[in-house]
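Dear colleague,

Please find below the structure that I am handing over to you, together with its sequence. My notes on what was found in it follow directly after.

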Amino acid sequence: MSLTRFDGKIAVVTGAGNGLGRASAERLASEGAHVIVVDINGADARAVAASLPTESIAVEADVSEESQVDAYVAAAVEHFGRIDLHHLNAGIFGTFDALPDISVDAFDRVMNVNVRGQFLGLRAAFRQFRDQGSAGTIVVTASIASLTGSADLLPYQTSKHGVVGLVHGAAMYGGPLGIRVNGVAPGIVPTDLFASAATTAGGKNDMVKRASTTPLRRAGSAEEIAGVVAFLLSDDSIYVTGQIVSADGGASVVNTVRPSGGAGAWDTSAVDEAMYGKNWKRNEES
């Protein structure tokens with residue numbers, strides 16, 4: 001990466017020990033940012049921080065705990081003096097149990113991390129911007145599940161709908177202060193988030209197959225999502241706030257009951273041949 005949009009900037013990335021958060025930390029650092037790598041797994045956080053090309057630090061923290069959110073902000077300020085950018089990414093997927101079988105504890109666990117944790121991160125960011133007398137930029141990781149519905153992953157889906165409300169409200173409050181808040185809504189991106197559900201339908205095992213029905217006919221990568229995050233955190237998006245930007249291969253615009261949308265078919269080759277002719281060739285560029 002030859003861009004230097006974040007030279008000297010201080011960025012917090014939560015859930016940065018692996019997956020989307022790690023890719024975001026790597027992208028921001030590649031463009032000059034010093035990163036506070038926050039993760040509940042301290043060893044993962046330290047490994048990522050040590051691998052970055054800029055001076056960066058790791059903080060082990062559970063983002064659902066108020067004191068631990070305050071602690072990662074304090075560590076950033078103690079080490080670097082301020083914070084400019086936040087990517088509030090940490091999240092869990094929860095349970096695949098059917099609605100009648102979901103326990104209150106399972107529901108609360110997802111809400112505590114995905115909604116309470118994002119609220120605490122937003123509040124801490126706004127407090128720090130106030131204390132240092134500056135503006136700043138925040139991106140929250142939403143999901144395609146923020147915009148659509150499904151019969152499974154109900155706690156996760158509910159939490160990601162809640163994230164949209166947090167983004168909209170924070171953007172309204174932050175706008176007059178010069179603080180921009182946006183969300184990125186990834187579609188199917190195979191990461192370790194769903195690794196524990198590798199054999200469950202709708203988990204990691206069939207992600208590539210399910211992604212083949214999107215307009216781009218493929219799954220995304222963590223690096224591609226990080227590119228969107230970097231754009232939203234940079235001055236290239238200076239007039240963008242309160243938006244949920246889908247990065248899902250076009251999945252969220254598909255009318256699944258139309259032939260062009262696959263009409264529920266896994267094999268879309270017949271659909272593509274009918275639309276583009278027998279000599280069509282799928283674009284394999286990533």
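Which residues point one way from β1, and which the other way? Please note, before the details, that this is a predicted model. Ile10, Val12 and Thr14 point to one side of β1, while Ala11 and Val13 point the other way. In a regular strand, side chains alternate between the two faces of the sheet. Every one of these five residues is buried, and β1 is accordingly described as mostly covered, with 5 of its 5 residues buried.

The sheet

Strand β1 belongs to an open sheet of 7 strands, in the order β3-β2-β1-β4-β5-β6-β7 and with parallel pairing. The edges are taken by β3 (57-60) and β7 (244-247); each has a single partner strand, so one side of each is left without a neighbour in the sheet. From one strand to the next, the twist averages 20°.

The pairing of strand β1 (residues 10-14) with strand β2 (residues 34-39) is in the parallel sense and extends over 5 bridges. Within this pair, alanine 11 has valine 35 of β2 as its bridge partner, and valine 13 has valine 37 of β2.

Helices on the sheet

Helix α1 lies across β1, β2, β4 (85-88), β5 (136-141) and β6 (179-186), and runs at about 170° to β1. Helix α3 (residues 66-80) also packs on the sheet, where it touches β1, β2, β3 and β4. The direction of α3 makes about 160° with that of β3.

The contact of α1 with α7

Two packed helices are described by the angle between their axes and the distance between the axes. For helix α1 (residues 19-30) and helix α7 (residues 222-233), the angle is about 55° and the axes are 8 Å apart. The two helices are therefore oblique to each other, and their crossing is right-handed.

On the α1 side, the contact is made by Gly19, Leu20, Ala23, Ser24, Arg27 and Leu28. On the α7 side, these meet Ala222, Glu223, Ile225, Ala226, Gly227, Val229, Ala230 and Leu233.

With kind regards

Note on methods:
Residues numbered from 1 in each chain as written. Predicted model: local features only at pLDDT ≥ 70, side-chain atom pairs only at ≥ 80, totals over all residues. Heavy atoms only, no water. Axes fitted to C-alpha atoms, helices over the stretch in contact; angles between N-to-C directions. Helix = DSSP H or I, 4+ residues; strand = E, 2+ residues; numbered from the N terminus. Parallel < 35°, antiparallel > 145°, perpendicular 65-115°, else oblique. Left-handed = near helix turned anticlockwise from the far one by under 90°. Contact = heavy atoms within 4.5 Å. Pairing = 2+ DSSP bridges. Buried < 20%, exposed > 50% of the residue type's maximum accessible area, 1.4 Å probe, protein only.
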